[in-house]
Amino acid sequence: MSDTPSVSEPAATTTLVEPVEDAAPPKSRRKLLIVLISIVLLILLLVGAAFLWYAVTKKPLTQLPMLSSATPPHYVATMYDVQQPIGVAVDEPNNRVYVTQSEGDRVVAVFDMSGNKLDPLKPPGDPKAFHIPVYVAVDPTTSNVYVSDRATSSVYVYDANGAFIKEFKPTGVKAWQPLALSFDTTGNLFVTDVLAPTQKVLKITPDGTVAQTFGEKDGLAFPNGVVAAPDGTVYVTDSNHSRALAYKADGTLVGSFARGSSDSPLGLPRGITIDDRGRIYVVDTTNQDFQVFTPGDTPTDVPTYSFSAGEEGTAEGSFEYPNGIAVDSRSRLYITDRENNRVQVWSY
């Protein structure tokens, strides 16, 4: 038997691995670290600035100037326990929302801005007398509340605590049928007067003097909304003509908008308001929505259509004949949903 030579395993070889130096020298690492820290600080600065902006303006972060304003607002809440509400006004400094009711006890319902119901505003005189409160506005200089009463062709004035003060009638006006009401920031009252045969808009100074009338030549037919922009431009909804009108501060007609010229023509426009970005909101009763318009670049340009929101129905965010609209400093919208017996709150 021959010997089989044994095969031995090769001896293990130990390999020493030399440490590899970092690809980036120390100076490059420091530069990269500085860049990363700068990015983090910039993000924190932007976030801090956003929340500081919110704390100062009390507006939702979606209203930040760098964000698009083309996104429509959305439904957020409802105020119930009203009967066929028509007009609405907000007194933010006094935490009040006023809502006129055309049915039920026909008084002006009062809520705080959280939706809690407070004592109503009652018309003066005989409690059995027939009244139909229609529109309501708050004087920003006094917090007095003005209510137009369709049944009595009157405007009633209350203080911020709900106490009746007086019946208001401008100096020199013997007969009128006041409908829509709105104040500008200096306390001038705008009233649409639907007394036949010539319907018009009155601008009334704080001392009760009629400073201006306009619209007489424009064939107004039940203008249900009026609002003045900070630059003096006045917007009026000419309800029975399915249009909104823009007037210069001197009462000169600039033109109409949305009468077949927008992406979504107006049907029966009623309430109108304007926010601090200048966006104009028009409630369209028969289209069951509200439409938003952007003002022109100059006082001689008519507003242009931006978007609309809402649809017919009884679900949250749907309408059955909406009518009045008001806006607060956060651009939250308060819209009377007449046949659904509620006030809807929308926000960006």
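This is a predicted model: local features need pLDDT of at least 70, side-chain atom pairs count only at pLDDT 80 or more; totals for chains, interfaces and linings use all residues.
Colleague: Why is Asp 328 called buried?

Modeller: The relative accessible area of Asp 328 is 7%, and buried means under 20%, so Asp 328 counts as buried.

Colleague: What makes the pairs of Asp 328 with Arg 332 and with Tyr 334 polar contacts?

Modeller: The side chains of Asp 328 and Arg 332 are joined at 2.7 Å, and those of Asp 328 and Tyr 334 at 3.0 Å; because a polar contact requires a pair of N or O atoms within 3.5 Å, both distances meet that cut-off.

Colleague: Which residues does Asp 328 touch, if residues up to four places away in sequence are not counted?

Modeller: Asp 328 touches Val 90, Glu 92, Met 113 and Tyr 334 on that count, and Tyr 334 is also a partner in the polar contact of 3.0 Å.

Colleague: Turning to the sheet, how do you know that strand E19 and strand E20 pair?

Modeller: Strand E19 (residues 280–284) and strand E20 (residues 289–294) run antiparallel and are joined by five bridges, and pairing asks for at least two bridges, so these strands pair; within E20, Phe 293 is the bridge partner of Ile 280.

Colleague: What makes strand E18 and strand E21 the edge strands?

Modeller: The open sheet has four strands in the order E18-E19-E20-E21, with antiparallel pairing, and strand E18 (269–274) and strand E21 (304–309) each pair on one side only; on average, neighbouring strands of this sheet are turned by 25 degrees against each other, direction ignored.

Note on methods
Residues are numbered from 1 along each chain as its sequence is written. Side-chain values use heavy atoms; hydrogens and water are left out. Helices (H or I, at least four residues) and strands (E, at least two) are DSSP runs, numbered from the N terminus. Axes are lines fitted to C-alpha atoms, for helices over the stretch in contact, and angles run from 0 to 180 degrees between N-to-C directions. Buried means under 20% relative accessible area, exposed over 50%, partly exposed in between (1.4 Å probe, protein chains only). A polar contact is a pair of N or O atoms within 3.5 Å; within protein, one must be able to donate a hydrogen and the other to accept it, and residues adjacent in sequence count only if both atoms are side-chain atoms. Contact means heavy atoms within 4.5 Å.
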